Amino acid sequence: MRRLAALVVGTLLAALPAAGAPAERMKVILDTDIGTDIDDAWALGFVISHAGFEPVGVTITDGDTSARARVACKLLHVAGRGDLPVAVGRATKVPADRVDHQFQWAEDFTAKRPVETPAADFIAQAVRAHPGQVTLIAVGPLQNVADALRKEPQLPRLVRRLVLMSGCVYGTADRKKPIPEWNVVQAIADAQLVYDAGFPLTIVPLDATTLVRLTEAERERLRSKPSPLTISLESLYRLWLESPTSRMTLHDQLAVADAARPGEYFSDKKTLPMRVDDEGYTRTDARGKPVNVCLQPKRDAFLKDYLDTLLAGPRPPSF
């Protein structure tokens, strides 16, 4: 009996992770409209540098998706994560008066190219391959998520979580009433489909993100410690600047932060029934599906962890 008990205990101990062994990383896909606002590139840097993430790939949404994909490909290549696949979503109409200066950074780049698989198929295939394990972080308009849902109706039950930078519930730092948020307005029908689908859904709305802007001192922390990643992020920042006083609002990075550590960087987190109306407002409505809404960001705690993560640099794959 003693020998049998010892064998059982030994088997159980062998099944446990070794002391000090790293926890399994969270599989994530970043769906992004990188190349217009600056926060997308800095969010991608966050994803590839976070110790708790195992990125599965990057999907590109909205507008000139091929040009956006080149920016993502170059950033990954330069930062040492050229192994990560980039999948391109369907192109959509680009406003005639918009100039995306960050595209210049990668306009002749060919060292890494996107995969042939379209973004929506890439998302659907990844979550089928890893049911219940993939956190999808979408920080742009929702064409790719909606297209993936059309291809795979079980998507809401296959993902671990869907975290969006999306919406405006009560108002922004500058305007104390709700406004239609960009990522929703650019693809209203797609946003309606996604919000109504029953995902385990979290949104980080303008109510929270407009409270967090990068200071010059915080930017200098990265600029003073050059690495392939920080030099790339600073280069893109300079292309994005409209004037010497422009400062980045950390919209997308806050969504990445909540994906990594749910609720930790917010003093107020509500579960509200929400839907998207035909004008692109995200409304609290009893007919809507439950959505976790992140409010009142813990700015300083978040910024410290965020900048520390970027300075640590991209993490290699865990396999």
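A charge sits over a ring if NZ of Lys or CZ of Arg is within 6 Å of the ring centre and within 35 degrees of the ring normal. Keep that in mind, and remember that you're looking at a predicted model.

**Stop one: charges over rings.** Next, pick arginine 283 and tyrosine 281: here arginine 283 lies over the ring face of tyrosine 281, 4.2 Å from the ring centre.

**Stop two: ring meets ring.** A pair of aromatic rings is described by how far apart the centres are and by the angle of the planes. How many aromatic pairs does the structure hold? There are five. Select phenylalanine 46 and tyrosine 306 for one of them: it's edge-to-face, with 4.8 Å from centre to centre and 75° between the planes. Phenylalanine 46 belongs to helix α2 (residues 39–49) and tyrosine 306 to helix α13 (residues 299–312), so this pair links parts of the chain that are 260 residues apart. Are these two residues buried or exposed? Both phenylalanine 46 and tyrosine 306 are buried.

Now jump to tyrosine 237 and tryptophan 240. Their ring centres are 5.3 Å apart and their planes meet at 65°, so this pair is edge-to-face. Because they're three residues apart in helix α11 (residues 228–240), about one helical turn separates them. Tyrosine 237 has a relative accessible area of 0%, so it counts as buried.

**Last stop: a cluster.** Select Phe46, Tyr265, Phe302 and Tyr306 together: they make up one aromatic cluster.

Technical notes. Residues are numbered from 1 along each chain as its sequence is written. This is a predicted model: local features need pLDDT of at least 70, side-chain atom pairs count only at pLDDT 80 or more; totals for chains, interfaces and linings use all residues. Side-chain values use heavy atoms; hydrogens and water are left out. Rings of Phe, Tyr and Trp (its six-membered ring) pair if their centres lie within 6.5 Å; planes under 30 degrees apart count as stacked, over 60 as edge-to-face and the rest as tilted. Helices (H or I, at least four residues) and strands (E, at least two) are DSSP runs, numbered from the N terminus. Buried means under 20% relative accessible area, exposed over 50%, partly exposed in between (1.4 Å probe, protein chains only).
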